[in-house]
Amino acid sequence: MPLYHYFLDEGIQPFVDLNKRSTLTEWHNIPLDENGRPLCPAGLPMHSDGCEKSRMRMKFRCPKLQHCKGKGGKKVVCNCEQKCTASDYGRVVHLPMRENPRMFCQPTRGSKEWVKEYKRRSSAERDNKRIKTDYKLEDGHHRSSKLWYCRLYVILMLEHLVAWQHTASLQAPLADEAIAA
């Protein structure tokens, strides 16, 4: 947890999977889903309504909230069958990011932004695996860091050549079709 607090203080957002065996299912009598989003009394996951960086908390609102045009402009109305609050705006829950930065993070787990960033993270991990395992970077027991960096440089050149070959093989059928036409 100290690492997460350090990342939070530095403005760095780590993208780490939750351990399915020890995730929170409740926070201060508010039930949470597997992604750490609060559930409304009807059992629906609440929608993320942004993050207040100055107060270090995330805001979630009622999933049945709708924006309607009224006399004074836009009006927000909760169309929930079971009213969980007297407010027209619907139920709002704030989750403190400082209390559990692994569980309560921005962007919200399961959101489009989260999935997009997580895909980038997993592709970087696949590349690291390829360098360490497939090209056996750590198997060369070098006494000098200079030799280690030379080995790394050659591995990166090989990766570049493989990517270059892959790109050329994708473009070759297009060139063959152009010649045939």
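1. Basis of the values. This is a predicted model, in which local features need pLDDT of at least 70 and side-chain atom pairs count only at pLDDT 80 or more, while totals for chains, interfaces and linings use all residues. Residues are numbered from 1 along each chain as its sequence is written, and side-chain values use heavy atoms, with hydrogens and water left out.

2. The sheet. Three strands form an open sheet in the order S3-S4-S7, with antiparallel pairing. Strand S3 (47-52) and S7 stand at the edges with a single partner strand each, so one side of each has no neighbour in the sheet. Neighbouring strands are turned by 25° against each other on average, direction ignored; the axes are lines fitted to C-alpha atoms (for helices over the stretch in contact), and angles run from 0 to 180 degrees between N-to-C directions. Strands (E, at least two residues) and helices (H or I, at least four) are DSSP runs, numbered from the N terminus, and two strands pair if DSSP finds at least two bridges between them.

3. S3 is joined to S4 by 4 bridges, and S4 (residues 57-61) is joined to S7 by 5 bridges. Phe-60 of S4 stands opposite Ser-48 and has Val-93 as its bridge partner in S7. Cys-51 is paired with Met-58 in S4.

4. Buried denotes under 20% relative accessible area, exposed over 50%, and partly exposed the range in between (1.4 Å probe, protein chains only).

5. Backbone angles in the loops. Most residues other than glycine have a negative phi, and most peptide bonds are trans. Which residue in the turn of the hairpin formed by S3 and S4 has a positive phi? Met-56 does, at about 55°, in a turn with 4 residues between the two strands. Asn-29, which is not a glycine, has a positive phi of about 65°; Asn-29 is placed in the loop between strand S1 (26-27) and strand S2 (30-31). Asn-29 is exposed, with a relative accessible area of 68%.

6. Helix H2. This helix (residues 112-134) has 23 residues and reaches 32 Å from its first C-alpha to its last, close to the 33 Å expected at 1.5 Å a residue. The expected span is 1.5 Å times one less than the number of residues. Just after H2, Lys-136 takes a positive phi of about 50°.

7. Salt bridges. Side chains of opposite charge can pair when their charged atoms come close. The structure holds 8 salt bridges, where the term requires a side-chain nitrogen of Lys or Arg within 4 Å of a carboxyl oxygen of Asp or Glu. Glu-52 takes part in a salt bridge with Arg-55, the closest N and O atoms being 3.8 Å apart, and in one with Arg-57, where the corresponding separation is 3.0 Å. Glu-52 is partly exposed at 24% relative accessible area, whereas Arg-55 is exposed at 53%.

8. Arg-130 and Asp-134 both lie in helix H2, 4 residues apart, about one turn of the helix. The closest N and O atoms of their salt bridge are 3.6 Å apart. Both residues count as partly exposed, Arg-130 at 32% relative accessibility and Asp-134 at 37%. Salt bridges that share partners also join Asp-49, Lys-59 and Arg-61 into one network.

9. Helix H3. Leu-161 is found in helix H3 (residues 145-180) and is partly exposed, with a relative accessible area of 45%. Leu-161 contributes to a nonpolar surface patch of about 640 Å², made together with Tyr-153, Val-154, Met-157, Leu-158 and Trp-164. Patches are made of residues with over 30% relative accessible area and no salt bridge; like charges are joined within 9 Å and nonpolar side chains (Val, Leu, Ile, Met, Phe, Trp, Tyr) within 5 Å. Accessible areas come from the Shrake-Rupley method with a 1.4 Å probe, and for residues only the protein chains shown count as cover. Ile-155, also found in H3, counts as buried at 4% relative accessibility.
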